[in-house]
Amino acid sequence: MNLQGTSVSFTLENGKEVIIETGKLARQADGAVTVRCGNCIILATVVASKEPKPGQSFFPLTVDYQEKFASAGRIPGSFFKREGRISDYEVLISRLIDRALRPLFPESYLCEVQVLVSLISNDPEVMPDALACLAASAALAVSDVPIQEIISEVRVARIDGQMVINPSPAEMENSDMDFIIAATEKNIMMVEGESKECQEEDLILAIETAHAAIRRQVAAQAELRAKVGSPAKREVAPFEENEAIKAKVEAFAGAKMLEISRAGSAKHDRSAALKALKEELIASFGEEPEEADIAFAKRYYDDLQYYTVRNMILDESRRLDGRKLDEVRGLYIETDYLPSPHGSALFTRGETQSLTTVTLGTKDDELLVETAGTSNYHNFLLHYNFPPFSTGETKPMRGPSRREVGHGNLAKRSLWQMMPKDYPYTVRIVSDILESNGSSSMATVCAGSLALMDAGVPFPKHVGGVAMGLISRAEDGKWAVLTDILGDEDHLGDMDFKVTGTREGICGIQMDIKVDGLSMDVMRSALAQANKGRLHILDAMYTALPQTREELKPHAPRIEQLIIDREFIGAVIGPGGKIIQEIQRTTGAEINIEEVGNTGVVKIFSNNGESLNAAMSWIKGIVAVPEVGEVYESVVKSIMPFGAFVEFMPGKQGLLHISEVSWKRLENLDGILNEGDAIKVKLLGVDQKTGKFRLSRKVLMEKPEGYVEKPEGERRERREGGDRDRRDRNDRSGDRRGPRPERREPRAERNDAPQSAPVDNAPKADTADDDLSL
């Protein structure tokens, strides 16, 4: 058996070769291809049912993208050690493919279609999400599934001022624009991405650059289809028509439909009126109408609503709720709405409402996001919830839907552009949509920005967002751009695009285009109108909360961050974590240490200010270098015949010689000092050879009257004489017992010394070999 595939190739703008091959893998699928770039290989398959299910009224397209962990030589970290439900990261890529493909199927095609895209070999220098849609489209191109056009997707990023197609992950670290763009040979279909306050013309340039690259990929797919001799596309029968029923529906409901559309009523009132009109229409067919006639009537009724609303907007510049084309609905904003969360905001725009909270956490609260080739911790999270009551419906609660994941990701990417990247907290934003009638994701962006500032996060600028729509008519070329679209306008329109940003530029965009031939002039007009609407919303946000609050909420946790030398990390942690555990146990603070380059980043987290300050002081003491001449608060650790060992800085001890305790001559320290006493000492010096500390207590006390200090020479002579006496005694004892080993520190001194691990290169404490008297 000899499996020979058919392949074509093309070269990306960065010089990398892309190979598309079919005929070797998954041959029982309706279409299957592999796309290879470097060591990255993506397998895409497509299968479509031959007939639609009875009563099918919508197009059931399913797209799933999944990364096999074996593609990067890894085993999944789950309990079952196998891939399971696709992750949010994979859901987002699946949505990018789905949104680009779905508009290209015939309207009357209702057979179930399943597109599966799998990463089977990973290359750390290739980002697979930019190749996934190319693979899916190629699989459809070589199949008989009746998609109408070939498409592809690319990533375009601006790096050092230049537009780059499909950059590597390393190159992306220096980018300030990141967009995924899908298109056919002639038309842009989908745009999604983020940027650091780019301008509208920058976005237009990115789209044009991407479209030029996509045309080459579309040509390669067409070449593969011709080379392999793919079968003809399946025939798709158009919907059956019944002109008599169509005329009856228009005659019965046409005028009433226009009246309802012009009323400018609220969502539920309008829906109730349209439902009642539909019921009247069905009732007009008699008590026992034919099922086919009712099916025709319902379809023509929906078509009548579609064209009535669109023509009203184009011909009368009138919208369903009575607004002008460029008018934003009424706004209501309230910050600090909830007393217990660390930050909160209520944002209402017309009949869309978001209640958003911000919670501050520690590094331990970071989210681990694993893909086949990467494992990264994220400290900025945004969760978007869309409960059924927000639209007045009842539905089972089954966890976040793909729509919720996608809307939350757009809001997260937009707000992330303004987040300080060195912020020590883990930040979680939760947007609960309480009402929805258009663009709840943009309400999430606005409410999220307000809640971050309310929480005291150093958020430099507000980020706002607005959803735009487009209505166009091919017959006369007329078009209109709508600001802040309603849910019905989104459903009936030709384009839905959401733009977020600050007053200075665009931070995020999500665009879905449902019509052919959208010119760049229309795109420019839409972006300019979006900018006007966004600025209007931002003005209201700044009025409600001009800047971030200076202080965190009283009940919010505090985090302090210290940057220490790398060599001190071990001293803070201690042997087996002993020191850091003692600090946490004693102070009640939570401490995290991370090595970054040649430094250590210490984060101290506590809900109590005193606890935080105590831990800070403790760590600062460990990493601090003692300064000669400074006075320190110290604690007596142990008492010896020749003095006392004191800890004058965390992890640093020294001998307070008995001669330095008081100006009086002391025979012992009984009644003078006890273990645990807090005393002040002054650091007189550090021995350059041994690193031992010279501490004194008496220099901080007043000299008694008449005190005469012995001259330095006499003290030196006495010390030298004492040394000769000790050597003579050692010599005499050596005559009887042999050489005496070098004297070591007293056992009690070693046992009683504190166990806190001093820094390896820190000066050592004095021992009993020091001068015992003056």
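This is a predicted model: local features need pLDDT of at least 70, side-chain atom pairs count only at pLDDT 80 or more; totals for chains, interfaces and linings use all residues.
**View A. Salt bridge between Asp 178 and Arg 413.** The two side chains meet with an N to O distance of 3.7 Å. Asp 178 belongs to strand E9 (residues 175-183) and Arg 413 to helix H8, so the pair ties together parts that are 235 residues apart in sequence. Asp 178 is buried, at 13% relative accessible area, and Arg 413 is likewise buried, at 19%.

**View B. Crossing of helices H8 and H9.** The axes of H8 (residues 402-416) and H9 (residues 440-454) come within 9 Å and cross at roughly 40 degrees. This angle makes H8 oblique to H9. The crossing is right-handed.

**View C. Salt bridge between Asp 484 and Arg 349.** The closest N and O atoms are 2.9 Å apart. Asp 484 sits in the loop between strand E19 (478-483) and helix H10 (487-492), while Arg 349 lies in strand E12 (residues 343-349), 135 residues apart. Asp 484 is buried at 0% relative accessibility, and Arg 349 is buried at 1%.

**View D. Salt bridge between Arg 473 and Asp 476.** The N to O distance is 2.9 Å. Arg 473 counts as buried, with 16% relative accessibility, whereas Asp 476 is partly exposed, with 46%.

**View E. Nonpolar surface patch around Leu 700.** Val 631, Val 699, Leu 700 and Met 701 make a patch of about 290 Å². Leu 700 is placed in the loop between strand E29 (693-696) and helix H15 (712-737). Leu 700 is partly exposed, at 38% relative accessibility.

Technical notes
Residues are numbered from 1 along each chain as its sequence is written. Side-chain values use heavy atoms; hydrogens and water are left out. Patches are made of residues with over 30% relative accessible area and no salt bridge: like charges are joined within 9 Å, nonpolar side chains (Val, Leu, Ile, Met, Phe, Trp, Tyr) within 5 Å. Accessible areas come from the Shrake-Rupley method with a 1.4 Å probe; for residues, only the protein chains shown count as cover. A salt bridge is a side-chain nitrogen of Lys or Arg within 4 Å of a carboxyl oxygen of Asp or Glu. Helices (H or I, at least four residues) and strands (E, at least two) are DSSP runs, numbered from the N terminus. Buried means under 20% relative accessible area, exposed over 50%, partly exposed in between (1.4 Å probe, protein chains only). Axes are lines fitted to C-alpha atoms, for helices over the stretch in contact, and angles run from 0 to 180 degrees between N-to-C directions. Angles under 35 degrees count as roughly parallel, over 145 as roughly antiparallel, 65 to 115 as roughly perpendicular and the rest as oblique. A crossing is left-handed if the near helix is turned anticlockwise from the far one by less than a right angle, and right-handed if clockwise.
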